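Here is a short tour of the structure shown below.

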Amino acid sequence: KSQPIQSATEKSEAAKRLKIGIYFATWWALNVVFNIYNKKVLNAFPYPWLTSTLSLATGSLMMLISWATRIAETPKTDFEFWKTLFPVAVAHTIGHVAATVSMSKVAVSFTHIIKSGEPAFSVLVSRFLLGETFPLSVYLSLVPIIGGCALAAVTELNFNMTGFMGAMISNLAFVFRNIFSKRGMKGKSVSGMNYYACLSMLSLLILTPFAIAVEGPQMWEVGWKTAVSQIGPNFIWWVAAQSVFYHLYNQVSYMSLDQISPLTFSIGNTMKRISVIVSSIIIFRTPVQPVNALGAAIAVLGTFLYSQAKQ
Ligand code: 3PG
């Protein structure tokens with residue numbers, strides 16, 4: 001009698017896995033496309049503060065249209081919701097702009113190798129700022145993560161301090177974003193998709209004045225004309241692609257965060273970086289020395305050991 005019940009449970013378990021698998025594959029594919037177009041844009045138009053702002057603006061616009069046309073349900077939010085969202089948005093803005101500044105200075109693969117060290121930041125922040133303790137195996141897994149990132153950094157052919165620091169700042173900011181957003185999403189009726197939509201809008205408000213102060217319309221105008229004269233009118237489509245894909249990959253990642261634990265999420269995020277590192281090295285023909293690749297492999301392996309240790 002228990003057999004049909006068991007097979008029904010197995011089936012629903014398999015369906016859930018398939019759904020998560022589809023989320024992950026979509027998330028990684030969208031992220032690869034974002035990274036490629038973002039770098040193509042930055043190579044011709046080195047204004048990361050504007051491209052970061054445009055990504056958030058496009059996402060916000062897409063969501064406002066989806067709400068107005070009822071493609072997506074408009075979330076019910078109150079002042080308390082936006083207040084709790086504020087620190088998440090500050091961290092998201094810093095993490096996003098810092099990663100983009102990094103990618104404007106170094107190879108996409110290098111930024112993502114350093115960003116694969118995010119779990120190390122997560123443990124250090126949780127340990128020293130929140131007083132959480134972890135089993136010894138978790139601390140030990142930080143050795144290959146930090147060692148691998150360090151080896152990759154010192155052997156990077158086109159090392160640049162701003163590029164390196166941007167990726168490090170992004171790691172730190174995203175650790176705070178994840179801690180705050182876990183708190184903010186708990187017990188809230190807003191879906192993952194709408195939570196990310198509100199996050200984009202608030203981040204856009206925060207980032208815009210800074211983007212104008214750091215770069216500004218005059219620089220953008222000159223830079224844009226130069227880019228269009230080099231690339232042609234198609235340049236605008238590259239900017240559109242990086243902006244749309246930025247929103248889509250983040251939206252899908254927040255939708256999957258709704259379904260899975262933060263730990264599964266961080267494993268998925270590391271695997272995402274492998275696909276970005278490999279595909280960007282092929283597409284941009286990034287020169288890599290064997291010892292540099294070894295550093296990256298050790299760092300990524302370290303994040304797997306970390307996820308095992310945390311489990
Ligand atoms: C950004 O621009 O926000 C970064 O490329 C994001 O990095 P992620 O891979 O951690 O989302």
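## Confidence

The chain has an average pLDDT of 92, and 96% of its residues score at least 70; pLDDT is the predictor's confidence in each residue, on a scale from 0 to 100. Within the chain, α11 has the lowest confidence, with a mean of 87, while α2 has the highest, at 98. The scores for the model are ipTM 0.93 and pTM 0.92.

Two conventions are handy to keep in mind. Residues are numbered from 1 along each chain, as its sequence is written. This is a predicted model, so local features need pLDDT of at least 70 and side-chain atom pairs count only at pLDDT 80 or more, whereas totals for chains, interfaces and linings use all residues.

## Overall form

The chain contains twelve helices and zero strands. Helices here are DSSP runs of H or I with at least four residues, strands are runs of E with at least two, and both are numbered from the N terminus. The radius of gyration is 20 Å, close to the 19 Å that the globule rule gives for 311 residues, so the chain is as compact as a globular protein of that length. That radius is taken over C-alpha atoms, and the rule is 2.2 Å times the number of residues to the power 0.38.

Along its principal axes, the C-alpha trace spans about 75 × 55 × 40 Å. Of the 311 residues in the chain, 42% are buried. A residue is buried if 20 or more other C-beta atoms lie within 10 Å of its own, exposed if 12 or fewer do, and partly exposed in between, with C-beta atoms placed from the backbone.

## Helix α8

Helix α8 covers residues 192–214, which is 23 residues, and reaches 32 Å from its first C-alpha to its last, close to the expected 33 Å. The expected span is 1.5 Å times one less than the number of residues. At Leu-207 in α8 there is a kink of about 30 degrees, shortly before the proline Pro-209; the bend is the angle between axes fitted to the seven residues ending at a residue and the seven starting there. After α8 comes Gly-216, with a positive phi near 95 degrees.

The buried residues of α8 include Tyr-195, Cys-198, Leu-202, Leu-207 and Ala-211. Why does Leu-199 count as buried? Leu-199 is buried because 24 other C-beta atoms lie within 10 Å. Leu-199 and Ala-89 are 110 residues apart in sequence, yet their C-alpha atoms are 5.7 Å apart in space.

## Around the ligand

Which residues are around the ligand? They are His-96, Ala-99, Thr-100, Lys-115 and Phe-174, where near means a C-beta atom, placed from the backbone, within 6 Å. Helix α3 (residues 79–105) gives the largest share of this shell, three residues.

By type, the shell divides into two nonpolar, two polar and one charged residue. Ala, Val, Leu, Ile, Met, Phe, Trp, Tyr, Cys and Pro count as nonpolar, Asp, Glu, Lys and Arg as charged, and the others, Gly among them, as polar.

## Two loop arginines

Most residues other than glycine have a negative phi. Arg-70, in the loop between α2 (48–68) and α3, has a positive phi near 60 degrees. Arg-70 is exposed, with 8 other C-beta atoms within 10 Å.

Arg-285 sits in the loop between α11 (262–283) and α12 (290–310), and its phi is positive too, near 50 degrees. Arg-285 counts as exposed because it has 7 C-beta neighbours inside 10 Å.
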